[in-house]
Amino acid sequence: MSNTHSKKLNVLRESRQSISTNIIKSRISPLTNVSKKILTNDEIKILENGLDYVYPSNKFDEIAFISNIETYFVNLLGHCTDKKDYSKKDSDEQITYNLTPTQLQYASRIRSVCNNFRFKASQIIAENKKATNEVKQVLKNLSKDNSIQIMKPDKGRGIVIMDKTEYNNKMLQILNDKNTFKQLEQDDTLAQEDKLIRKLKQLKNDGFITEKEYNFCRPVGTQPGRIYGLPKIHKLNLPLRPIVSASGTFNFNLAKLLAKKLNHLRKNNSIITNTFDFVTKLHSLRFNPTQIKLVSFDITSLFTKVPLIRTIELILLKMYGPEHTCTYSEKQREDWCTNCKNRYEMKCLLETSTKETHFTFDNKIYSQINGITMGSPLGPLFADIYMNHLENKLMPRLERNGILLWKRFVDDTFVIVDKNADIDNIIEILNSFDPDIVFTCEQEKKNSLPFLDIFITRKLINNFWQSTSSFNTDLYRKSTYTGLITKWDSSVPHSYKVSTLSSMIYRAIKICSSFTLMHKQFQFIRKIAIKNGYPENFIQAQIRKTLGRYYDKINGTQIFRSQKQKNKINEETDQSIKKRQIFIDIPYIGKPTDIFGKRLINLAKTINPQIHVQPISRPSPSISKFFPQKDQIPKDLQSNIVYMINCSNCESFYIGKTIRQASRRLNEHGANQNPSTKTKSQSSTITLNIDNLRRSERNKGKTVNYFPIDEIENNINEQTKETNSAIKQHEITNNHIINWSDWKILTRDTKHYRLLIRESLSIVQYQPILNKTTCSVPLIIYPEGLQITKPKVKIKSMYHTLPRGEGQCYERS
């Protein structure tokens, strides 16, 4: 080796060593520990990575992988039987299999590709298993400490550790506000779901909503919301911001539909749609900087303070005008005019999607009686509509008191006022409108004011009519900013890390008003990225690419785009090419995942060039899964599950699936609910319409004991009615007792066909005696089900095990 090459290698080694040394010295600590617990060094080292950090997987999720691959096959090549779901066939009905040669050929090819991926994945998992297990054991032990609550802060990335008692006390202090929240005696999830279904059916029949809207809003397998708090670490005593996890509640989809349909009502010239548009408009303004000053107003807890009834009336007024005499007359509702009928129905839907929302905390049920819940799709809409009303009423007075510009993003307002304006007087005007809506104020310091993520500075120039802007803008980060981003060594797809940096760089390009400020931001981004372990060459490449894409966009060119990006743009612009998209989840293991995804895309192209497969790499769960904040959903209310029910007297058991609440399905099986164990939503004060319970065609018309007879009203013991359920028949025939209370959840999936696959895999694995069929849907790629042994790259085809021809099925003898 020449001396020149040796010198270059030495320089390269020194540079790499210096980079790694800098990373170690500048470790980021996003931890805020206000608890009494003293963390160990191992716990600190792990938690400093952040709650979004992902460690390499220590196991391969076979059931999730196979269910995705089987679904991928069906989406590509269609079903191979005349029944997509065996639960919809009669018990004595035969199934015909129609596997075409094409299906058999590609099933074999798909399996070969999958087994190759599984083999490589198992090797990588084995390499990382020991280290991952050690880390996860530390996290598991930490999660068992019930004296602390580990959570994210209200804004930004980081970790806050708080004493559990302090956290609960702060949450109860919020929930004990009688003007906003109310504790309920019972969980009415099932009753509310049935009530909403009846209402939606009536509205569909009346033509108020379409069939598509009905199907979207119809609640199935819903659950109560769950409230939790995020600490505001930038404020004294760390107050909590209450957030309601409303996804999956009975009225969540209804709220989403209403938010979309009513979005036009929130439009106002004062509303800021996004940061970039606001910066563009700000630079187009022409003020004399020496004659103005900058102010921002913030509203304290706007979402919980929005007057619900008043805001609903504002919405109805905008949509239908003032109330007619129909509502005050003695006319029956069916005799009202169309406008009054529509107004009544809209009011009913708005109240259902807001006032009737309930949620749990610490195993107690609450509802929000005023304001809008943080987490509801209607939250921003209601806030904007009410604030628009406030602004329209007060703006003439505010303008007379010196306000020159008013721009608002939900509860944060940027205001330009005359330099002689009395700010205290303006605050007094704002706070006079509604005693619950309280404005606070922040004035500029040294001609500058932070607003959202922008740092705005007045330019002190003489000729303010020149073409340049009156303001300088730069990125703003709060004092609580930790600098924590997605770590370079986090086991997530490469695209996550590209997006992390490119989004930061793009914000700097769009917000910074000069090249000098932009360069400083690039330097800051480079520093933060290096602290999070990113290589310098990767950082420079992302800066270069993001700048290139930005200039391509503003100049209408494709100079800085790769050939792949150019082809994608050409396909999007060519309206004649309409490709059907198929999404498939695949586990992220590293490079093998990327190769596997490309092979699935290529396979789809050979089958049908008009199909575009989009693999979605799913990393393992992050650290946050060890520290749940929300209440657990009661087992009887869980849905989209595969379950197992055992006999107490013998080894017989049954495996089934349901997309509804488990309690509904168990009642269909013939479960005998004791008064002490029945859910409060099924109490004697509530009458549930069992005709509205969705059942498969196979089970319609069969007599089933849905709900127990109330002992108080009837004063007799609960009696079991006849049912054709295989479980109940086993109980009656053999005089056995079914263990209805200790049933198990085997797996879950929110997608219906994947849930059927999971049920089939569970049946094949456990071989339940009481099931009438050996699977729910046919398994084509993996007919043998889950593999116990490690897969090999080359295996013999299993398609001789598939039943083919007419008149064959999976029935047990």
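## A tour of the predicted chain

The model is predicted. Of the 813 residues in the chain, 49% count as buried. A cartoon view will show 23 helices and 20 strands. Among contacts in the chain with a separation of 6 or more, 73% join residues 24 or more positions apart.

**Colour by pLDDT.** The average over the protein chain is 83, and 81% of the residues score at least 70. Over residues 789-813 the pLDDT is below 50, and this stretch has 60 contacts in the model beyond near neighbours in sequence. Now select residues 673-722, where pLDDT also stays under 50; here the model has 94 contacts beyond four places in sequence. Where pLDDT is low, the predicted coordinates should not be read in detail.

**Select residues 189-206.** This is helix 6, with 18 residues. From its first C-alpha to its last it reaches 26 Å, close to the 26 Å expected at 1.5 Å a residue. Step on to Gly 207, which follows helix 6 and has a positive phi, near 85°.

Go back into helix 6 and show side chains. The buried residues include Leu 190, Ala 191, Leu 196, Ile 197, Leu 200 and Leu 203. What do the buried residues of helix 6 pack against? Select helix 7 (211-217), helix 8 (252-261), helix 12 (338-354), strand 8 (358-361) and helix 20 (662-669) to see these partners.

**Select Lys 199 and Glu 345.** Their side chains meet in a salt bridge, 2.7 Å from N to O. Lys 199 lies in helix 6 and Glu 345 in helix 12, so the pair ties together parts that are 146 residues apart in sequence. Both Lys 199 and Glu 345 are buried.

**Select Asp 154 and Arg 241.** In this salt bridge the closest N and O atoms are 2.8 Å apart. Asp 154 sits in the loop between strand 2 (148-151) and strand 3 (159-163), and Arg 241 is in strand 6, 87 residues apart. Arg 241, at 22%, counts as partly exposed.

**Select Arg 660 and Glu 668.** These two form a salt bridge with the closest N and O atoms 2.9 Å apart, and both residues are buried.

**Last stop.** Select Asp 585, Arg 618, Asp 749, Arg 754 and Arg 758, which are linked in a network of salt bridges. The count of salt bridges comes to 27.

How values were computed
Residues are numbered from 1 along each chain as its sequence is written. This is a predicted model: local features need pLDDT of at least 70, side-chain atom pairs count only at pLDDT 80 or more; totals for chains, interfaces and linings use all residues. Side-chain values use heavy atoms; hydrogens and water are left out. Helices (H or I, at least four residues) and strands (E, at least two) are DSSP runs, numbered from the N terminus. The expected span of a helix is 1.5 Å times one less than its number of residues. Buried means under 20% relative accessible area, exposed over 50%, partly exposed in between (1.4 Å probe, protein chains only). Contact means heavy atoms within 4.5 Å. pLDDT is the predictor's confidence in each residue, from 0 to 100. A salt bridge is a side-chain nitrogen of Lys or Arg within 4 Å of a carboxyl oxygen of Asp or Glu.
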